[in-house]
Amino acid sequence: GIGRQIGHMWRVTADVRNWKGVYEATRVMEKLLKHHGPHGWNDPDMLIGSSAGAKLVLTPAQSRAQFSLWAVMSAPLMLGVNVVKITDYDVETYSNSEAIRINQDPAFTAGQVVFSNC
């Protein structure tokens with residue numbers, strides 16, 4: 001595709017602003033798997049987080065789920081949180097070395113949906 005000719009990462013969804021947006025971005029990423037990989041990364045938007053004071057906030061469980069989904073999809077892990085006011089919970093979430101290792105898989109393999117009832 002044209003993406004790899006002009007860049008290495010491209011947004012593929014609208015802004016993720018809430019839990020519904022996390023779900024919708026995940027479903028878009030599922031459909032674009034064939035366009036994702038070395039030198040070309042689908043970007044479903046920034047991680048929202050659960051730290052108070054941010055313009056957009058998820059619950060702690062939702063923010064951790066979003067991080068886990070982004071990690072499995074090999075999505076860019078960009079934080080959309082005020083790092084000065086970040087909670088210990090979000091720091092723990094975003095520094096999970098096992099999830100980051102999955103995200104940074106040297107084979108560039110993104111997870112695939114094997115079952116969905118949604």
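**The nonpolar core**

Modeller: The largest nonpolar core has 15 residues, and Val-16, Val-22, Leu-47, Phe-67, Trp-70 and Tyr-94 touch the most other members. Such a core is a set of buried Ala, Val, Leu, Ile, Met, Phe, Trp, Tyr and Cys residues joined through side-chain atoms within 4.5 Å. Buried means under 20% relative accessible area, exposed over 50%, partly exposed in between (1.4 Å probe, protein chains only). Helix H2 (19-31) and helix H3 (60-72) each supply at least two residues of this core. Helices (H or I, at least four residues) and strands (E, at least two) are DSSP runs, numbered from the N terminus.

This is a predicted model: local features need pLDDT of at least 70, side-chain atom pairs count only at pLDDT 80 or more, and totals for chains, interfaces and linings use all residues. Residues are numbered from 1 along each chain as its sequence is written, and side-chain values use heavy atoms, without hydrogens or water.

Now Trp-70. Leaving aside neighbours within four places in sequence, Trp-70 is in contact (heavy atoms within 4.5 Å) with residues including Val-16, Val-22, Ala-25, Pro-44, Leu-47, Leu-77 and Asn-103.

Next, the chain around the core. The protein chain has 5 helices and 2 strands, in the order α-β-α-β-α-α-α from the N terminus. Of its 118 residues, 33% count as buried. Among contacts with a separation of 6 or more, 74% come from residues 24 or more positions apart. The C-alpha trace spans about 40 × 30 × 25 Å along its principal axes.
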